[in-house]
Amino acid sequence: MSEASRNGGPAIVVDGLVKRFGELEAVRGVSFDVAPGEVFGFLGPNGAGKTTTINMLCTLMKPTAGTATVAGHDVVRERDDVRRNIGLVFQDPTLDSYLTAAQNLRLHAELYGIRRSLVEPRMRQVMSMVGLWERRNTPVGTFSGGMRRRLEIARGLMHSPRVLFLDEPTIGLDPQTRRSIWEYIRELKAGEQITIFMTTHYMDEAEWCDRIAIMDHGEIVALDAPQTLKEAVGKDRIMIHTEDDAATIAALSERFGISAQIAEGAVTFGVAAGERFVPRLFSELGVPIRSVSVSRPTLDDVFLSYTGTTIRDAEEDASAQQSRAIMRMMHGGGR
Amino acid sequence: MTTTAPAPPALGREVVEVHVPPRTIYSELRAARIMWRRDLIRFVNDRIRIASQLVQPLLFLFVMGAGLNTLSRSGTYGVNLKTFIYPGILCIAVMFTAMFAAASIVWDREFGFLREMMVAPVSRSSIVVGKCLGGATVACLQGIIMILLGPLVGVGYSVTLILGIFGLQLLLAFTITAFGVMLAVRIKQMQSFFGVMQMIVMPMFFISGALFPTRGLPGWLEVLNRIDPLTYAVDPMRRLVFDHLHISPFARHVLAPGVTWWGWRVPSLLEVGVVALAGLLMLAVAIWEFSATE
């Protein structure tokens, strides 16, 4: 089974996966396949169900319904086989800060039963990749956040997993570390037969993936290569700041037949050939315009066109909902 | 199994591919062993911890032992109070260290490392067993320091005595670590764990007879004393130490009367069995709890 899945079969197959927490349906029946060697990204705002999905795929949570196989093994029935074949890097640190970097990796190698003679060479390879080989005998407690994340990636790779799961691997890191983490991912893709499954809410990072799935409110709303998704939008994005946004939206729909939305504080809409549209806008809109920006379609536009909101607004909305829920709890009236 | 593919030329790094074998008894033993070693490495690196955990037993032994000696002289029939409580102190010294070792499970949960253990392709039992053996070993290293202090309280060195004390300490430390792990798996925060520890460990210590003979106690205390598992470690420890001392049979009869069940004197071997059984029982509960954690 595992040999067959290594040569050819998809690395991940997900079919109708559902996870419910009480009344909350965090993941509402998602289905997708990931090909071996692919870098597959899960894109969506916080609270969209990305981490819940990843937790089910790496056997940390049992699905409420649906099935999933990873590296050819069922995540519920063949939990151990899945675990042997996956590497995990979580959002939160999971290192022992009292041990040195090398001791952490050696402990991992022992837990995974890696052949003794290969532990040292493999450790050298993965630690050199993340630039920590020279620091291997330093206690992890003295490492910076970026160094710890790099070490976690090295440890996740220690046992040559078929699939590496990265849950928001670059969150909270400085731009330089983020860039180097992407370099590791490309190096891995070139050097080893590994499938990478990651979640992110950075649009620019999603561009690096072979394919992305856009997730919103527990569902996959779009799934394709970033370029294809952007082409499908087909329009340039125009954002204008005006004296009267409501009048602008009315005028746009009346005079140009365009339906616009307010996104990130600006009137936003998509048109084909944006540069040629701007002169018409100034002469015919009839509402004073303070500023205009025209941009080529980005993943943000893809996200906007599928969900009706930008990812940033969606996140603010989610956190607002969360604080409302906390307020309700604090004021005692559960319902 | 071990293919060494050529590295991408620009990067010049050799790819070493490894393989994770299916679970076997051997891989489980390796997992248990590394959990045991982790406790050892952490203990040796943490000298402050070694020192701080010696403070309490030393206080009891030397400060309380010396301070109350004048008061108790008439009741100990020529035996120094320090000598009398020494066996009890040998027990609590390992008890504190073992509980502290178990507490690291709570610590690991707070700092995320628990997750690394939870997703490993090994049985949770191996992890718990390794953890309990680690706690027991660390506690015994601490216990050796207490054994070495023997001559200062009138207990000379002898091979059988030292081996006996060491064996009893090892057993007790294992049982207490299992007890601590059993508690720690359910507790989410370090402060709560120390709270629970104060609430359970101190009463266990005071009730056990580490500081007083177990005969002629008020009824309620006698009942509590016989329930306390630590009683069954302190009593054989005291008998063992007294076997190697020259004291009058009368003093011995008063100071080390032995534990009785409804008037029947429980033999040392059975007492040791009680401690071992309690340890295995708590280990089983700890494994069961740990496996049920998501």
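Start with chain A as a whole: 42% of its 335 residues count as buried. Buried means that 20 or more other C-beta atoms lie within 10 Å of a residue's own; exposed means 12 or fewer, partly exposed is in between, and C-beta atoms are placed from the backbone. This is a predicted model: local features need pLDDT of at least 70, side-chain atom pairs count only at pLDDT 80 or more, and totals for chains, interfaces and linings use all residues. Residues are numbered from 1 along each chain as its sequence is written, while chains are lettered from A and ligands numbered from 1 in the order in which they are written.

**Chain A, overall**

Keep chain A selected. Its C-alpha trace spans about 75 × 45 × 45 Å along its principal axes. Switch to cartoon: the secondary structure comes to 13 helices and 14 strands. Both are DSSP runs, numbered from the N terminus: helices are H or I with at least four residues, strands are E with at least two. Among contacts in chain A between residues at least 6 apart in sequence, 71% join residues at least 24 apart. Two residues are in contact if their C-beta atoms, placed from the backbone, lie within 7 Å.

**The two domains of chain A**

Colour 2-225 and 230-321 separately. These are domain 1 and domain 2 of chain A, with bounds from an automatic or database domain assignment. Their centres, taken over C-alpha atoms, are separated by 36 Å. The contact between them takes 11 residues from domain 1 and 11 residues from domain 2. On the domain 1 side, pick α8 (203-206), β9 (211-216) and β10 (219-224) of chain A; each supplies at least two residues of the side that touches domain 2. That side of domain 1 divides into six nonpolar, three polar and two charged residues. Here Ala, Val, Leu, Ile, Met, Phe, Trp, Tyr, Cys and Pro count as nonpolar, Asp, Glu, Lys and Arg as charged, and the others, Gly among them, as polar.

**A hairpin and a helix**

Strands β1 (residues 12-21) and β2 (residues 24-34) pair in the antiparallel sense over eight bridges. Pairing requires that DSSP finds at least two bridges between the strands. Show A:Leu17: opposite it in β2(A) stands A:Val30. The two strands form a hairpin with two residues between them, and A:Gly22 in the turn has a positive phi of about 60°.

Next, select helix α10 (residues 245-256) of chain A. At 1.5 Å a residue, its 12 residues should span 16 Å, and its end C-alpha atoms are 16 Å apart, which agrees. The expected span is 1.5 Å times one less than the number of residues. A:Gly257 follows α10(A), with a positive phi near 65°.

**Where chain B meets chain A**

Bring chain B into view. 32 residues of chain B are in contact with 36 residues of chain A. On chain B, α1 (25-45) and α5 (113-118) each supply at least two residues of the side that touches chain A. α1(B) gives the most, with eight residues. By class, this side of chain B has 17 nonpolar, five polar and 10 charged residues.

**The cores**

Which residues touch the most other members of the largest nonpolar core? Select A:Ala154, A:Phe165, B:Cys91 and B:Met95, out of 155 residues. A nonpolar core is a set of buried Ala, Val, Leu, Ile, Met, Phe, Trp, Tyr and Cys residues joined through C-beta atoms within 7 Å. Helix α4 (residues 81-110) of chain B gives the most to this core, with 20 residues. Domain 1 and domain 2 of chain A both give residues to this core, so it lies between them. Another core, of six residues, lies apart from it; A:Ile238, A:Ile240, A:Ala260 and A:Val267 are among them.

Centre on B:Cys91. Leaving out residues up to four places away in sequence, B:Cys91 touches B:Leu172, B:Ala210, B:Leu230, B:Ala233, B:Val234 and B:Met237.

**Two positive phi angles**

Most residues other than glycine have a negative phi. Go to A:Glu168: not a glycine, yet its phi is positive, about 50°. A:Glu168 is found in the loop between β7 (163-167) and α7 (175-191) of chain A. Is A:Glu168 buried or exposed? A:Glu168 is buried, with 22 other C-beta atoms within 10 Å.

Jump to B:Trp262. Its phi is also positive, about 45°, although B:Trp262 is not a glycine. B:Trp262 lies in the loop between β1 (260-261) and β2 (264-265) of chain B. B:Trp262 is exposed, with 5 other C-beta atoms within 10 Å.

**Last stop**

Select B:Thr70, in helix α3 (residues 69-72) of chain B. B:Thr70 is exposed, with 9 other C-beta atoms within 10 Å. Draw a distance to B:Ser268, 198 residues apart along the chain: the C-alpha atoms are separated by 31 Å.
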